[in-house]
Amino acid sequence: MLRRAVLLAMALLATALLAFAPPVRAEPRHGIAMLGEPALPADFKNLPYANPEAPQGGDLRQAITGSFDSVNPFIVKGQPADFVRTYVVESLMGRNWGEPFSLYGLLAESIDTSDDRQTFTFRIRPEASFSDGTPVTAADVAFSMETLRDKGRPNFKTNFSKITRVETPDDRTITFHQEAGDRELPMIVGLMPIFPRKAWEGKDFSVSSLNPMIGSGPYVMDKIKPGESITYRKNPGYWGRDLPLNKGLWNFDTVRIDYYRDANATFEAFKSGLADVRIETDPTRWSSGYDFPAVKDGKVTLEKIEQKTPFPASGFVFNTRRPMFQDPRVREALAMVFDFEWINANLFASAYRRTYGYYGGSELSSQGRPVNEAEKKVLGDDLAKLRPDFVDGSYAVPVSDGSGRDRKILGKAMALLGGAGWTMSGNSLVNARGEPFAFTITLTDPQQEKVALAYQRTLRSIGVSASVKFVDAAQFLRIRNSYDFDVISWTWFNSLSPGNEQVLYFGSGGRGNEGTRNYAGVADPAVDRAIQAMLSARTRDEFIAAVRAEDRLLTAGFYMAPFYNAGGQWVARWNSIGRPDAQPLTGFEATTLWRNK
């Protein structure tokens, strides 16, 4: 009996010790994947879409429509210059765009995570340094996290507030602890921009500035002309030029970005040779505008680059913070009368196809897919709130007769509006108080005007008055950040591995917190739960089910009148610029280009 009691006591003690034992840790790794294992081995030589033998030197010139008054893209204030994050500021790890979501060591030579990812450690490379020659240390990483959390954009606060403790046992080691159970957080921290602590002493990070930022990246800011141009110059002492992750990238001595006020001026800059590459977004221009002599003489190459990621989710977004857009029947009616068939045929030479939902064209889309058992677990009781056509996957975006006045669709829209309490009074749609249904579509790109005006005409036929207003880029940024608009044109670019950014895009907290990208004002607990299921998924099947649930709920919420997509990118390139044959899942990748000798 005594022996049995002793054995039982020992077993209980062992169980207790296991309960308080630290989480199981893996060995330090060269990379990490959101789900499963990273595709590239520890001894990979270069990214699969990069040419490690690419010629070096020369310049790359790009033309962009817009302006800038800041070089800090990590804060809410100011209109930032483009590509600061790409060329100047690095992170602990870098992406392979040939995978859904995997990271490999950049500033960090390794990552070590507990099995539950509650604790994760980065080991910084001894050679990693900023452009001013100072080494990158664990203190710089900790400073960057704290600064972005406290003074950066809302997405930084959302993510980094989950970190409960940071340890820096030496200059090259930093360990993060979290209790949120967010399996993506180690990867979000791995992609965190890193700044030198000393360079920001006595300065306010939250204030918009044109002083060149110091980073550890392959380029430094050279010439800054606010609103006109910014030039990045390759740092000859760049510490990471021989890393496999960088082989075949950063091939130009300088990269210059010129800004133009409108799309026509930007296109003319390309035609005249002031810009080397151009991604065309206007199908009419693509089909008829590229007949200038350089194209005919073979000096400019035109190509369509296929993308294997979700199609951009774009459309006229309804701000549900406005009372008139709070009823989903109203939003469905307004989305229904967007006559894509007329617009595509008359404005875009039938070059586009209609966009469905937020992950169209990928395995993550709910389009045509009934709710399966895995998705039922995600939706739970929320499944009963979905219409049958969304549950069985039979819902389809309405297709008009292309007349611009499809009476059948207009009649359905009027029935929905009537059910929501709106009736016709003369030629105007009014509510029970006699107030007309009127709103403003705010645009910043004049090229969108013809689409907005076509939509305006169709809306007028059901008694809705929609005015179209243009603002400059700075104004558009302000109204977006403060949600001071009725309807805007917007695009969410989702990946094959959506994650924490979905909280920023569609989480309920974004309805009241300024500066997020929840422009529709989505505040649906069911969407929040689907996003959380996405973030906590451990297998690919669980992950896909959660994303499809989110897509299904958002699509059923009719938060926008969806636009269209080309199924790829239309790219024009002067033949003095070369590119690898292989392209990543995301399509055209400018960092792999080079100037032909």
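This is a predicted model: local features need pLDDT of at least 70, side-chain atom pairs count only at pLDDT 80 or more; totals for chains, interfaces and linings use all residues.
Q: At what angle do helix H9 and helix H13 pack?
A: Helix H9, residues 328-336, packs against helix H13, residues 407-419, at an angle of about 165 degrees. Their axes lie 8 Å apart.

Q: Are H9 and H13 roughly parallel or antiparallel to each other, and why?
A: H9 and H13 are roughly antiparallel, because angles over 145 degrees count as such.

Q: And which hand does the crossing have?
A: H9 passes H13 in a left-handed crossing.

Q: Which residues meet there?
A: From H9, the residues are Arg329, Val330, Glu332, Ala333 and Met336. In H13 they meet Ile409, Lys412, Ala413, Leu416, Leu417 and Gly419.

Q: How do the residues in the contact of H9 with H13 divide by class?
A: The contact of H9 with H13 has seven nonpolar residues, three charged residues and one polar residue.

Q: Turning to strand E14, how many of its residues are buried?
A: Six of the six residues in E14, which spans 313-318, are buried, and the strand is mostly covered.

Q: How many bridges join E14 to strand E20?
A: Six bridges join E14 to E20, residues 487-492, and the two strands run antiparallel.

Q: Which residue in E20 stands opposite Ala313?
A: Trp492 in E20 stands opposite Ala313.

Q: What about strand E21: how many bridges join E14 to it?
A: E14 is joined to E21, residues 560-562, by three bridges, and these strands run antiparallel.

Q: Which residue in E21 is the bridge partner of Phe316?
A: The bridge partner of Phe316 in E21 is Ala561.

How values were computed:
Residues are numbered from 1 along each chain as its sequence is written. Side-chain values use heavy atoms; hydrogens and water are left out. Axes are lines fitted to C-alpha atoms, for helices over the stretch in contact, and angles run from 0 to 180 degrees between N-to-C directions. Helices (H or I, at least four residues) and strands (E, at least two) are DSSP runs, numbered from the N terminus. Angles under 35 degrees count as roughly parallel, over 145 as roughly antiparallel, 65 to 115 as roughly perpendicular and the rest as oblique. A crossing is left-handed if the near helix is turned anticlockwise from the far one by less than a right angle, and right-handed if clockwise. Contact means heavy atoms within 4.5 Å. Ala, Val, Leu, Ile, Met, Phe, Trp, Tyr, Cys and Pro count as nonpolar, Asp, Glu, Lys and Arg as charged, and the others, Gly among them, as polar. Buried means under 20% relative accessible area, exposed over 50%, partly exposed in between (1.4 Å probe, protein chains only). Two strands pair if DSSP finds at least two bridges between them.
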